[in-house]
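I opened the model to look up its pocket and a few helix contacts. My notes follow in the order of looking.

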Amino acid sequence: MKLEDYIPYILYSDIPEAYQPVVDMIGMDSFLKLCELSGGTTMYVPIADTIVRKTRNRMISQEYNGYNAKILSKKYGISEKQIKNVVKGE
């Protein structure tokens with residue numbers, strides 16, 4: 001039998017307790033797909049700030065016009081110097 005054949009019969013209690021919060025967050029089907037994809041391996045999950053920072057920096061670069069560092073610093077909660085560093089690509 002394949003994994004999908006077992007899915008209707010898998011109980012929440014069949015999931016190790018340490019992984020139940022993941023099931024709660026992404027659902028049983030997605031959790032089982034994750035198990036198929038990466039099961040048995042060590043997987044690093046980046047902190048959300050790492051993802052958000054790249055998105056924020058791209059947005060800042062798109063909005064920056066050479067004169068609005070102060071406005072952007074307030075909008076994004078970082079200093080004007082940080083805004084300029086983002087725009088420079090640092």
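Predicted model: local features only at pLDDT ≥ 70, side-chain atom pairs only at ≥ 80, totals over all residues.

Entry 1, pocket lining. I looked up which helices line the largest pocket: α2 (20-26) and α3 (28-38) each supply at least two residues of the lining. Helices here are DSSP runs (H or I, at least four residues), numbered from the N terminus. With four residues, α3 gives the most to this lining. I counted 13 lining residues, and Tyr19, Val22, Phe31, Leu34 and Met43 lie nearest the centre of the pocket. A pocket is an open set of points on a 1 Å grid over the protein atoms alone where a 1.4 Å probe fits, with protein on both sides within 12 Å along at least five of seven lines; lining residues have an atom within 4 Å of a point.

The largest pocket holds about 420 Å³ of space, the volume being the space filled by probe spheres set on the points. I sorted its lining by class and found nine nonpolar, four polar and no charged residues. Ala, Val, Leu, Ile, Met, Phe, Trp, Tyr, Cys and Pro count as nonpolar, Asp, Glu, Lys and Arg as charged, and the others, Gly among them, as polar.

Residues are numbered from 1 along each chain as its sequence is written, and side-chain values use heavy atoms, with hydrogens and water left out.

I took the axes of α4 (residues 48-63) and α6 (residues 80-88): they come within 9 Å and cross at roughly 90°. The axes are lines fitted to C-alpha atoms over the stretch in contact, with angles from 0 to 180 degrees between N-to-C directions. The two helices, α4 and α6, are therefore roughly perpendicular (65 to 115 degrees). Arg56, Asn57, Ile60 and Ser61 of α4 meet Ile83, Val86 and Val87 of α6, contact meaning heavy atoms within 4.5 Å. I class these residues as four nonpolar, two polar and one charged.

The axes of α5 (residues 69-76) and α6 come within 8 Å and cross at roughly 100°, which makes α5 roughly perpendicular to α6. Ala69, Lys70, Leu72 and Ser73 of α5 contact Glu80, Ile83 and Lys84 of α6. By class I find three nonpolar, one polar and three charged residues in this contact.

Ile71 is found in α5. I looked up its relative accessible area, 59%, so Ile71 is exposed (over 50%, with a 1.4 Å probe and protein chains only). Ile71 and Ile83 are 12 residues apart in sequence, and 9.9 Å separates them in space, C-alpha to C-alpha.

Note on methods: Parallel < 35°, antiparallel > 145°, perpendicular 65-115°, else oblique. Buried < 20%, exposed > 50% of the residue type's maximum accessible area, 1.4 Å probe, protein only.
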